[in-house]
Amino acid sequence: MNPTDSCEVFEEVTIVFSDVPDFMDICSKCDPFQIVNLLNTMFGLFDYLSDENDIYKLETVKDSFVGVSGAPERIKNHAEKIIDMALDMRECVTFVQDPRLKGNGGKGPFKYYVIMFLTFLGPPTQLFDGSQYCKSSRI
């Protein structure tokens, strides 16, 4: 069986990328348990939001979250779903404690940025090797 026989083409998808600003500073000022707790809390919330917004989580790497709408389920309002997800992400991180702010129990403004949402509209051959995704994630 040819491996590409099981592949599907998705002509329209929207992807959300997000990031924690100053993540290296957080890592340098906190112990590993605080970092793990921060990421588990944040990504646990994002997993819940992904389910609520019908977003497929592609990956979480270090402090970044990547989700897609329009694949593997084809939907017409994929950009709208991603925008709703991005707004929900921005709102929910206000409840995440910044581990650098130990003096007041970690309470304080925690910054988390939704870097971009990017809509891919065919031709699908441009997306076959993932190069557009890789380029976009570096922006």
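**View 1. Asp 22 sits in the loop between strand 1 and helix 1.** Welcome to the structure! This is a predicted model, in which local features need pLDDT of at least 70 and side-chain atom pairs count only at pLDDT 80 or more, while totals for chains, interfaces and linings use all residues. Residues are numbered from 1 along each chain as its sequence is written, and side-chain values use heavy atoms, leaving out hydrogens and water. Helices (H or I, at least four residues) and strands (E, at least two) are DSSP runs, numbered from the N terminus. Asp 22 has a phi near 60 degrees, a positive value in a residue other than glycine. Most residues other than glycine have a negative phi, and most peptide bonds are trans. With a relative accessible area of 45%, Asp 22 counts as partly exposed; buried means under 20%, exposed over 50%, and partly exposed in between (1.4 Å probe, protein chains only).

**View 2. The whole chain, for orientation.** The protein chain contains four helices and four strands, and along the sequence they follow the pattern β-α-α-β-β-α-β-α. Of its 139 residues, 35% count as buried. Contact here means heavy atoms within 4.5 Å. Among contacts with a separation of 6 or more, 69% come from residues 24 or more positions apart.

**View 3. Strand 1 and its partner, strand 3.** Two strands pair if DSSP finds at least two bridges between them. Strand 1 (residues 12-19) and strand 3 run antiparallel and are joined by five bridges. Look for Ile 15, which stands opposite Val 68 in strand 3. Strand 1 is largely enclosed by the rest of the structure, because six of its eight residues are buried.

**View 4. The largest nonpolar core has 20 residues.** A nonpolar core is a set of buried Ala, Val, Leu, Ile, Met, Phe, Trp, Tyr and Cys residues joined through side-chain atoms within 4.5 Å. Met 42, Phe 46 and Phe 65 have the most contacts inside the largest one. Helix 1 (23-29), helix 2 (32-53) and helix 3 (78-92) are the elements that give two or more residues to this core. The largest share, seven residues, comes from helix 2. There is also a second, separate core of seven residues, including Phe 10, Ile 15, Phe 17 and Ala 71.

**View 5. Phe 43, Phe 46 and Phe 65 form a cluster linked by ring pairs.** A pair of aromatic rings is described by the distance of the centres and the angle of the planes. Rings of Phe, Tyr and Trp (its six-membered ring) pair if their centres lie within 6.5 Å; planes under 30 degrees apart count as stacked, over 60 as edge-to-face and the rest as tilted. By this rule there are two aromatic pairs. The rings of Phe 46 and Phe 65 have centres 5.5 Å apart and planes at 70 degrees, so this pair is edge-to-face. The pair links distant parts of the chain, 19 residues apart: Phe 46 belongs to helix 2 and Phe 65 to strand 3 (residues 64-69). Both of these residues, Phe 46 and Phe 65, are buried.

View 6. Is Asn 53 buried or exposed? Asn 53 counts as buried, at 9% relative accessibility. Leaving aside residues up to four places away in sequence, Asn 53 touches Lys 81, Asp 84, Met 85 and Asp 88. Glu 80, found in helix 3, is 27 residues from Asn 53 in sequence and 9.7 Å away in space, C-alpha to C-alpha. Glu 80 is partly exposed, at 49% relative accessibility. Next in this view comes Asp 54, in the loop between helix 2 and strand 2 (56-61). Asp 54 has a phi near 55 degrees, a positive value in a residue other than glycine.

**View 7. A cis peptide bond joins Ala 71 and Pro 72.** The omega angle of this bond is about -5 degrees. Pro 72 lies in the loop between strand 3 and helix 3.

**View 8. The cysteines.** How many disulfides does a search of the whole structure find? The search finds zero disulfides, a disulfide being a pair of cysteine sulfur atoms within 2.5 Å. For Cys 27, the closest cysteine sulfur is in Cys 30, 7.8 Å away and too far for a bond. Cys 27 is partly exposed, with a relative accessible area of 28%, whereas Cys 92 counts as buried at 11% relative accessibility.
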